[in-house]
Amino acid sequence: MMDSPASLERRTDDEVGRGLSNANAVVDPSRRAEARPSADVRTVKTTCPYCGVGCGVLADVAGTGAVSVRGDPDHPANAGRLCSKGSALAETLSLDDRLLHPEVDGERATWDVALDHVARRFTQTIADHGPDAVAFYVSGQLLTEDYYVANKLMKGFIGSGNIDTNSRLCMASSVAGHKRAFGADTVPGTYADLEEADLVVLVGSNFAWCHPVLFQRMMAARETRGMRLVVIDPRRTPTAEQADLHLPIEADGDVALFNGLLRHLAGAAADSDYVEAHTTGLAEALAVTTGFDAPAVARATGLASADVATFYDLFAATERVVTVFSQGVNQSVCGTDKVNAIINCHLVTGRIGRPGMGPFSITGQPNAMGGREVGGLANQLAAHLDIDDPAHRDLVRGFWNAPRMATRGGLKAVDLFRAVADGRVKALWIIATNPVDSMPEADGVRDALACCPFVVCSDVIRDTDTTRLAHVLLPAAAWGEKDGTVTNSERCITRQRPFMAPPGDAKPDWWIVDQVASRMGFEAGFGFADAAEIFKEHASLSTVGNAGTRDFDIGGLTDLDRDDYERMAPVYWPIRAGETSGTRRFFADGQFFTPNRRARFIPTHVPKPRAIDPAYPLTLNTGRIRDQWHTMTRTGKSPRLSAHLPEPAVTLHPDDAREAGILHGTLAICESASGRMVGRAQISDDQTRGSVFVPMHWTDQFASAARVDALISGHTDPVSGQPASKMVRARVRPFPARWYGFAVTRQKLNGAGQDYWVSARVADGWQTELAGLEAIADWPTVAAVLLGATEAGARLITYDDPRSGHYRMAVLRAGRLYAVLFVAPRPVAVARAFVSSALTDALSEAEAFRLLAGRPGAGRIDRGDTICSCFQVGISQIRTAITVGGCTTVAEVGAALKAGTNCGSCRPEIQRILAGALQRA
Ligand SMILES: Nc1nc2c(c(=O)[nH]1)N[C@H]1C(S)=C(S)[C@@H](COP(=O)(O)OP(=O)(O)OC[C@H]3O[C@@H](n4cnc5c(=O)[nH]c(N)nc54)[C@H](O)[C@@H]3O)O[C@H]1N2
Ligand SMILES: Nc1nc2c(c(=O)[nH]1)N[C@H]1C(S)=C(S)[C@@H](COP(=O)(O)OP(=O)(O)OC[C@H]3O[C@@H](n4cnc5c(=O)[nH]c(N)nc54)[C@H](O)[C@@H]3O)O[C@H]1N2
Ligand code: SF4
Ligand SMILES: [Mo]
C-alpha cells in the first residue's frame, strides 16, 4: 500500500486503538479452503457489497490489520462460495482514490461547516422555491438504515416526493409488474426453488456473470437432478451457452413470446381450478393474444418457429418451472408488460407459491430489496405503502409525526434530471450512485449537474464523473466500515458489519443525512444514535396498521436490542410479531394482496415497432461483464478483476462488421442520435445480425470516450418510468487510427490529449491502450513524456523503425522496469499479460530488448488474456492444456491448471474454450 496521508491517519487510529490499517493481503485461493484463522485473526461476518445474491462473507482481520475474505459457510445464500468479485474484495480496500474529508467548493472543510452549508442551502431553496425545488437521488447500494433516513427526511419532513434511486434504472418495472399482478411488490420465491425446479427459464439475464454464485447453485442441482435450462437473450452469452435451448430473441420480442405462451398454456396446461379460485382477468389477458401461434410469434421475435414450439411444449409439460428475469426484461419501454406477460403464464398454470416454481425477479444491487422496503422510489412510501393512497400517507404521517408529509409521488430519475436541467430542481443530493455514467442521456445529465446551482455528493471515492461536478463532497464510510442491513433477492435480511474504522473523516451515510436533517430543524424526527435504532423504527413501521394486509412485515424484529441486532443472523421476511423465523415462500395459500385477494392477469401489449432511421441501422444493447461492477470505482482497483476484460468492447456480428468496414481488434466508433463512444471491435457470431453490444462500465476515469450511457435515449416504460437502457438505434464506423499503442506504467499514464486511451490496473501499475488520429513524427519525445521518463535517473531503451511505423521504448529506473510502450501502425500484437507481469522486474538491457521484441524471456510464459481471475490462468495456458495436455473437460482443465476450481465464475468460459479447441481438433 502506498504511504498516503490517509494510510498514515489510519495508522494513527491504530495507535489510539480504534482501528486498523487496511493493508491488503490476498490469500492464495488454493489455501483458502484450509485457511484456519490463527490466534491473532479476528473474523467478522458480513455480506458482499456487490450483487443481489447477497453472499455471506467472512472477513479475517490479522493483528497486522491485513484483511482477507472468504465465503461464509453458514450463510443460506452461498454456503461458503464467492464469485470472482467477492473473492477479490480485499483488493478493493486500499485508501488510494478514497474521499477522506468533506469539501465545499473544492476546499477541505470540517463536518460542521459542510453539514451546516448543506442544511442552509436546502432550507433556503425550499423557502424560496418550495419543497419540490430540491431532490435526492440515491442508490440500491445504501444500507436499509441509510435509505430509511433519507426517505424519511424527503417524504416526511421536507415534504416532497423528490427522492428517486438508481433502482429506477434497475428494478422499477419488476416493482410495477408485481404490484399490478399481486397488489404488492412481492417476490414470491426462494433460491431453493431454482434447485428444485425441473425447468428454469432465464429471460434477459446473464446469470453466469451477474449472479454467479446462484448460477452455480443452480448448475450443481442440474447435475444431480437433470433440470432443463432455457435462456432467452438476443446474445449468445456464457449463460446461453449452458442452455438446453437458447432463444436469441430480437430486442423486446419478449411480450410477443410470452403472450404466445399464455395462449398455448390456456389450451394445453391451464389449471382452471386455480384460475377460478385465485385470479381475475384471464379472459381480458387472453383476448390480446389472439393470433399468437408459434409461426406468428416467430415472425414477431426473429426466432425459429420450431424453437418457439419446443419452448412452449417444454413449458406446458413441466410442472416445476421457475422463470427468472432481470435487466433484459426490466430495462425496456415495455418492461412492466414483459414482467406481467411472464407472471400471467405462471398464474394460468397455478405454478406459483409452491416449491420449484414461480416467476422470480432477481435483484441486481446488494440492497435493491431493502430500498423497496423503505420506499426509496419516488412513487412509493416506506414499508411497501403507497404514496398515492391517502390512508397510507396518514398512517406514515402519524408514525413519523411528520410535519409536512409529501402528498404525491415525486419525479422519477429521467424526469428528475430533466428537471435539474431546466432549473425546476435547484438543489440535488446524490448518494452512492454515479448518474453521469449510469443514467440515460448521460451527457445531458452531466450538463444538468454542471449548471445546477447546488449539487451535493456523498461517495467513497474522490474523483468520479459525478463527484467532479458537485459543490459539496461528503465522505461516506465504505464496505468494511459501515454497519447495517441489506436484503437479497430472496428476502433474506443480512447484516453488513464493520471490520475496519472509517479512514479520515468518513462517516456512515445515515449519520450524514441525519445530521443535515437535524440542522434543517427536524431534530424531532432524527438524532438517531446508531443503525440499530433506525432498524427498530423501520421494523415497527412495517407493523403499523398491518394485520396481514401488507406483505412487508418484520414485526418479529421490533424487539431487538443493540446486542441482538449486533448478533442478528440472516433472517427472511415476512417475520411477523411473535415469529422467530420468517416465512420462506409467499402465496402458498393462493391469497394475494389485492383488495379481493386474487391475483390479476394483465393484458400486455407488444410494443409498436419504432420507425427505423436508416442513419442508425443497428440496435445497441448494453450490460455487464463478469469482473467489473458498474462504474468500476471499486472493482477497477483490483488488478485481478481488471485482467479479465481490460478494455470496452464493441461486439458486432461478422456481417455488420464487414458492411461497416471494421476489422476485429481495431477500434470502432459507436454512435446514436445522442452521443458516441469508442471501443475495441470484437467480431463474433454470438451477436445477432443488426445488433451491437457495449458494456456499461467504462467512465472518463478509465477511458477517453466509453461512457455508453451517452448513447442511451431517455425513452422510458410508461408504467414504471424505467429507461430502456438495453435498446437504442445506433451505428458503427471505424475509428480511423493512424497508430496504435500499448503501454505499461508504474504511474497511471496521463492519456489526456491522446485521441484514444483506456487504462486498467495491473499488479504494480497500469496498462494503457492508446491510438491516435494523426501520425506522430517525433516518437522519442512523445514517448518519453507519456512514460514519465523525462526526469534524471531513467534509462531508456528504444527500438525505432520509422519506415514500418514501429516504435518501442522501455524505461528502467534503478535497474527495474518502470514503463514500456509499443507503437505500431496496426493494433499492437504483443501479449499484454506477459508485458505487464514484467513491471518492476529487475532487467538487464538485453532482457529489456527481449521484452521490446515481445519475446518471453527464460522462465516467463505468455499466459494470454486472463480467464481465471482467482489463479490468474490465461487463455493460452488453457488451450495448451487442451491441445498438448489432453484435457477434455472443465474438471480436467481444473486439475491441470487449477483454473475454475475456486470461485468457479470462469467455468462457462473454460467450457467455451474447450468446445472451440475440441471442435478444431
Ligand atoms: N459482474 C457484474 N455482476 C453484476 C453487476 C455488475 O455490474 N457486474 N450488477 C448487478 C446489477 S445492479 C444488476 S441490475 C444485475 C443485472 O444482471 P443481468 O440483467 O443479468 O445483466 P445485464 O448484462 O444488464 O443484462 C442481461 C441480458 O439482457 C439481455 N437483453 C438485452 N435486451 C433484451 C431483450 O429485449 N430481451 C431479452 N430477453 N434479453 C435482453 C442482454 O443481452 C444481457 O445479456 O447484475 C448484478 N450483477
Ligand atoms: N446503459 C446501461 N446503463 C445502466 C445499466 C445498463 O444495463 N445499461 N444498468 C443500470 C443499473 S441496473 C444500475 S443498478 C445502475 C448502477 O449505476 P450506479 O449506481 O451509478 O453505479 P455504481 O458504480 O455502483 O455507483 C455507486 C457509487 O457509489 C459509490 N459508493 C460505493 N459505496 C458507497 C457507500 O457506502 N456510500 C456512498 N455514499 N457511496 C458509495 C461508488 O464509489 C460509486 O461512485 O446503472 C444503470 N445504468
Ligand atoms: S455472487 Fe459474487 S458478487 Fe454476488 S453477492 Fe455473491 S460473491 Fe458477491
Ligand atoms: Mo441494477
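Visitor: Happy to start with one residue: which residues is Ser 326 in contact with, leaving aside its neighbours within four places in sequence?

Guide: Keep in mind that this is a predicted model. Ser 326 sits in the loop between strand E12 (321–325) and helix H15 (327–330). Beyond its neighbours within four places in sequence, its contacts are Val 203, Gly 204, Ser 205, His 211 and Ile 362.

Visitor: Is Ser 326 buried or exposed?

Guide: A residue counts as buried when its relative accessible area is under 20%. Ser 326 has a value of 8%, so Ser 326 is buried.

Visitor: What share of the residues counts as buried?

Guide: The accessible surface comes to about 32,100 Å², and 51% of it belongs to carbon and sulfur atoms. As for the 921 residues themselves, the share that counts as buried is 62%.

Visitor: How many helices and strands are there?

Guide: The chain is divided into domain 1 (32–92), domain 2 (103–170 + 367–478 + 504–522), domain 3 (172–361), domain 4 (618–734) and domain 5 (739–824). For the protein, the secondary structure comes to 32 helices and 36 strands.

Visitor: Which residues are in contact with Pro 49, leaving aside its neighbours within four places in sequence?

Guide: Pro 49 is found in the loop between strand E1 (42–47) and strand E2 (56–61), and its relative accessible area of 5% makes it buried. Its C-alpha atom is 9.0 Å from that of Val 486, a residue 437 places away along the chain. Apart from neighbours within four places, Pro 49 is in contact with Leu 89, Pro 366, Trp 479, Gln 496 and Arg 634.

Visitor: Among contacts between residues at least 6 apart in sequence, what share joins residues at least 24 apart?

Guide: Pro 49 has partners such as Arg 634. Over the protein, taking contacts between residues at least 6 apart, the share that joins residues at least 24 apart is 71%.

Visitor: How many residues of helix H6 are buried?

Guide: H6 spans residues 172–182 and is mostly covered. The buried set includes Val 175, His 178 and Phe 182. Just after the helix, Gly 183 takes a positive phi of about 80 degrees. The buried count for H6 is 9 of its 11 residues.

Visitor: His 630 is not a glycine, so what is its phi?

Guide: His 630 lies in the loop between strand E23 (618–623) and helix H25 (639–642). With a relative accessible area of 14%, His 630 is buried. Its phi is positive, at about 40 degrees.

Key
Residues numbered from 1 in each chain as written. Chains lettered and ligands numbered in written order. Predicted model: local features only at pLDDT ≥ 70, side-chain atom pairs only at ≥ 80, totals over all residues. Heavy atoms only, no water. Helix = DSSP H or I, 4+ residues; strand = E, 2+ residues; numbered from the N terminus. Buried < 20%, exposed > 50% of the residue type's maximum accessible area, 1.4 Å probe, protein only. Contact = heavy atoms within 4.5 Å. Areas by Shrake-Rupley, 256 points an atom, 1.4 Å probe, with all protein chains shown as cover. Domains from an automatic or database assignment.
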